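Okay, hi everyone, thanks for making time. Let me put the structure up on the screen, and then we'll walk through a few spots together.

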Amino acid sequence: MSEAPDDLKREDIQIKSLLQRHAERFDAPAGLRNSIMLQLQPPPSTSNPPSRQKTGGSMWAWLAFPLPRFASSFGLGAIVATLVVGQMTAGMQDKQAMLLAMASDHARAVVTRNTIEVKSSSMHTVKPWLSSQLGYSPLITDLADQGFPLIGGRRGFIGGTPVAVAVYGYKQHEIDVYILTNAVFQQFPSRLRDSLGDINGFHTTTWNAADLHYIAVSDMNAQQLAAFGKLLAKNQANE
Amino acid sequence: MHLDAAYNLARWLMSDEAEARDVVQIAALRALTYLDSLRGDDAKAWFLGIVRNCCMTALSERSGRIADMDVDAVVLGNEELETLGSSGPIPEQEMMRSDNRAHVNQALQLLPVGHREVLILREMEEMAYDEIAAVMDVPIGTVMSRLSRARFLFKQAFLGLNQGAAP
């Protein structure tokens, strides 16, 4: 880093001194540090725990670790950024903050790989677990035969409300299926309810079944995701 | 870790604890998205730049206008600045007052956000001009003129506060 010539006048030195001695330095609260760590770090159970590199000594050290392992799903953060920017510049209202919340939740889960609270390919395990956690009973079926194995489930948080998330796999991709009650879904602006749209290569598909709203989010091919949605909807209709 | 620097900047710019937390959290996620725009070892300037932009966006949203868009309009020409700032160094007794801490913090808070940020980056974070230019995404010349103006405004505010209070 080249330092520009800096021939400080006496009063500049005085001001520097006043600020360095007296200006309050606000350290990041412990809670903030922890919640960002939770967002960005892989779960501690991995065989290769995150090491704080001395040289990084910085945000870099903890950003750098998860990147290579999760590069494929990494761009999901783009959803958050896009929506954050969109929300702030377009002056979106509270309702759209819900969409932001979902995208944030999704990105956080995928980026940290901290996605799965109940890991099972059995719908007879995942479904009761989600029901017990959330008080409503999503329709979940395994689609392994069709190439979309059920991986597990977790709780997501939309605007502070816990919602069921079923996690499916497709080749190298992951599909998060958000399952919302009507009360939560109605908080979305009506124009977004049918199609959340595509953002930076991430796609969504939505459908309803038995008074619940399903929103699948993934970075896989849009047609394949739509096919997945149709398939799951059809299986649900046959239940 | 640059989180303390990030939070300090956000806290000073937003003047609100909860909003500073939100902004830093958003910035951390955005940083993930823009990893490929990071070059070399300027991680601190890069991350503070993201934090700074998140703050400005939030501030403009809060006030319904671009935060301190008039900053450059009020920056005086060098000549005028010289005249106004010709009162010289701060008198020693003003530097030694027991209420300096309160007045320094109040004076800093009184500055327009664009001047506050340049003082924080320069004097508290001790960043080089080119690093500050990267954070604020402006030419180095702008950093220097804004810093000069910020010091002047700070001195005026600080002395004004001192004047209004018994020594």
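Quick housekeeping. This is a predicted model, where local features need pLDDT of at least 70, side-chain atom pairs count only at pLDDT 80 or more, and totals for chains, interfaces and linings use all residues. Residues are numbered from 1 along each chain as its sequence is written, and chains are lettered from A and ligands numbered from 1 in the order in which they are written.

So, chain A has 11 helices and 6 strands; those are DSSP runs, H or I of at least four residues for helices and E of at least two for strands, numbered from the N terminus. Of its 239 residues, 35% are buried. Buried means 20 or more other C-beta atoms within 10 Å of the residue's own, exposed means 12 or fewer, and partly exposed is in between, with C-beta atoms placed from the backbone.

Now look at helix 11 of chain A, residues 222–238. Which of its residues are buried? They're A:L225, A:F228, A:G229 and A:L232. They sit on the same side of helix 11 because they cover an arc of only 100° around the axis, the arc being that of the directions from the helix axis to the C-beta atoms. Here's the handy rule: an α-helix has 3.6 residues a turn, so residues three or four places apart point the same way. On the other side of helix 11, A:Q223, A:K230, A:K234, A:A237 and A:N238 are exposed.

Next, across the chains. Helix 1 (residues 10–22) of chain A packs with helix 8 (residues 113–124) of chain B at about 85°, their axes 10 Å apart. Axes are lines fitted to C-alpha atoms, for helices over the stretch in contact, and angles run from 0 to 180 degrees between N-to-C directions. That makes helix 1 of chain A roughly perpendicular to helix 8 of chain B, a label for 65 to 115 degrees. A:K16, A:L19 and A:Q20 meet B:L119, B:E123 and B:M124 there, contact meaning C-beta atoms, placed from the backbone, within 7 Å.

Last, loops. A:D211, between strand 5 and strand 6 of chain A, has a positive phi near 65° without being glycine. A:D211 counts as exposed because it has 9 C-beta neighbours inside 10 Å. In chain B, B:D137 also isn't a glycine and has a positive phi of about 55°. B:D137 lies in the loop between helix 9 and helix 10 (140–164).

Note on methods: The expected span of a helix is 1.5 Å times one less than its number of residues. Angles under 35 degrees count as roughly parallel, over 145 as roughly antiparallel, 65 to 115 as roughly perpendicular and the rest as oblique. Two residues are in contact if their C-beta atoms, placed from the backbone, lie within 7 Å.
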